Amino acid sequence: MSEFKFSCPNCQQSISATAEYSGVQINCPACNTPLIVPPSPDSSTGAPGPVAVPQGTKLTKAPTATSHSTATPFVSQARPVRRKKSHKELYIWLGSGACAIVCIIIFWHPIAGLFAKYVPHPAPAAPIVDTNLPPPPPPELATDEILQNVRDKYNSLSTYAVKGESTASVDVSGIKPGLALQTSSQAVSLELGRTNLYRLEWQRTQPATPLYKGAAWSAGKGDYVGYGPYPATKMKNRETAMATAETASEAMCVSLVQLFFNETNSIARQAEAFAKTNGPNVATRINNHDCYVLDGQFNAHDLVVWIDKGTFLIQQIQFIFGGKLDDSNFKEMRPAERNQLTTWSKLKGSITETYGSPDADKTLAAATFEASFSPIMSAADTAPAGQAPPARQRPRGASPTSPTQLTRRVRPEQ
């Protein structure tokens, strides 16, 4: 059978075939492109359309001018062997990919930060709260807020009752040479009710001194005070009765009476005189109650108050002697008050009064406030019948008619 040659229309590969392949669809042995074998030049008419491949026929690559290899037989059912391609394009793509990765690493953070400004982010999920945790502590209050809460608390009560213990430790050698530290203890009991019901009782014990007790009360039939050897005497009003009782007893709880009836509010009115002193060296728990500790000045002497953080009731009061006096302490004072203040400035020590088991807003009859005071008679002079006992000046230099003025506290020089 005579062979003829033709070229692949895609890769121009020269292909040899016999006439029997004319019209047969084959794949190019070089590029695998489907093509139709053209008619043999010897045949007068081409066979239209694909035909079956006859047996014993031959289809090979035609030898090229640059190839010296022997032609390899090829049939349509076999896949041709591709020519090896250059790796130049592969190297170019790999190099481009490596450069892109380096650029991303270098510029990722600035680009991410830029996008973060404009791309909305979902709100973070709310943290899961452990309901078994204790409640957070109440927020800290400013000094004036604490004092305002104290005043509001006592003004809101219909009744108030409390018992307290007072301890005094005072060096009197500045007044009486040869006498040093004097100690005493005192039990106080206080009941208050609207509108003018009260009973204050005290009982003091002091080494080598007879028992000393007294009472001030009003059960709706007038204001009365009796103490020591002096029988109960009717006073002009509650203010006079409390001033006399404070002088006789030196009880700190007279300040609670003022707070309850809102006469002068000597503790809460002058809020600028106090500062919070809660610190590592100050006890802030009294009777298992967490307290605010406020430190102010009371006529050159220190006055420290412990206030319950939960109820704003006063748990403890401490009066510290030995303040340094200046001319401002004597303004608008009567001569007797000046003398008393001067005397007290020569004392050293303190009086501390602590309260426990407060009871409030109970229904109390007026008769509950009646005191059964009996004077303890001694060789001391007694007051004439129908007259008030001789009252000494108030310990902290204030008259019943002029509210005690608090000033900025000044620590005494050491």
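This is a predicted model: local features need pLDDT of at least 70, side-chain atom pairs count only at pLDDT 80 or more; totals for chains, interfaces and linings use all residues.
Helix H1 covers residues 88-118, and Leu 94 sits in this helix. Leu 94 itself has a relative accessibility of 55%, and since the cut-off for exposed is over 50%, Leu 94 counts as exposed.

The backbone has a few spots worth a look, too. One of them is the peptide bond running from Arg 194 to Thr 195, which is cis, with omega near 0 degrees. Where does Thr 195 lie? Its place is in the loop that links strand S7 (181-193) and strand S8 (197-206).

Then there is phi. Gln 12 isn't a glycine, yet its phi is positive, at about 65 degrees. This residue belongs to the loop between strand S1 (3-7) and strand S2 (14-18). Is Gln 12 buried or exposed? With a relative accessible area of 53%, Gln 12 is exposed, because anything over 50% falls in that class.

Glu 250 also has a positive phi without being a glycine, this time near 55 degrees. Glu 250 is found in the loop between helix H3 (238-249) and helix H4 (254-261). Its relative accessibility is 27%, so Glu 250 counts as partly exposed: buried would need a value under 20%, and exposed one over 50%.

Technical notes. Residues are numbered from 1 along each chain as its sequence is written. Side-chain values use heavy atoms; hydrogens and water are left out. Helices (H or I, at least four residues) and strands (E, at least two) are DSSP runs, numbered from the N terminus. Buried means under 20% relative accessible area, exposed over 50%, partly exposed in between (1.4 Å probe, protein chains only).
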